[in-house]
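Hi,

Here is the structure for your files.

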Amino acid sequence: ICNSHITEQLNITDYKIVEVEKGIIPMTTYDFNQHHSQNCFKIGTAGGWVKPSTGYSFKMTEKKAAILVRNYVNGLPLLTDLFTKRFSIYDSSMLSVLRDFNKDGPMFFHRLYKNNAIHNLFKFLDEETTLSEEISIMKSMTSLRMIKAFFKSLF
């Protein structure tokens, strides 16, 4: 926690930090679906609901829970519409670049956030963007490494 942010940006001087959270975000495209059974369906992190490339999960979990309930109520296979192939490709591409060129990670995310409006990024993280919006976001952080990773993730 940055105390200067609390005092300077939020103008709060009378506060006490009672607990600090620490964790590791699972950044993986591991197939969590293999752990489901007919009588047990894992959700949240254990169900692979954390966005692999960014660790973003709050709104995603809320959406996936609603889809899961809808599928159950309508007698559909539980996995129906839970994951979108194109966003899986994007995640795989980003993780490939981060794995192979880890030192470029900070620059990569800096360009992503600097060159895009925050509401567009949240739509992208929520997997609610159109293809044209996605192309615009990708153009803002495109590099030869990212293009190679994208095509590699297709195969």
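This is a predicted model: local features need pLDDT of at least 70, side-chain atom pairs count only at pLDDT 80 or more; totals for chains, interfaces and linings use all residues.

In it, the side chains of Lys59 and Asp126 form a salt bridge, with N to O at 3.4 Å. Lys59 sits in helix H2 (residues 58–73), and Asp126 sits in the loop between helix H5 (118–125) and helix H6 (131–140), so this pair ties together parts 67 residues apart in sequence.

Asp126 is buried, at 4% relative accessible area, a value under the 20% cut-off. Lys59 is partly exposed, at 33%.

Glu128 pairs with Lys63 in a salt bridge, and their closest N and O atoms are 3.6 Å apart. Glu128 lies in the loop between H5 and H6, Lys63 in helix H2, and 65 residues separate them. Both are partly exposed: Glu128 has a relative accessibility of 36%, and Lys63 has 24%.

How are Lys59, Lys63, Asp126 and Glu128 linked? They belong to a network of salt bridges.

One more pair to check is Asp104 with Lys103. Their closest N and O atoms are 3.5 Å apart, again a salt bridge. Here Asp104 is buried, at 15% relative accessibility. Lys103 is exposed, at 69%.

Best wishes

Notes: Residues are numbered from 1 along each chain as its sequence is written. Side-chain values use heavy atoms; hydrogens and water are left out. A salt bridge is a side-chain nitrogen of Lys or Arg within 4 Å of a carboxyl oxygen of Asp or Glu. Helices (H or I, at least four residues) and strands (E, at least two) are DSSP runs, numbered from the N terminus. Buried means under 20% relative accessible area, exposed over 50%, partly exposed in between (1.4 Å probe, protein chains only).
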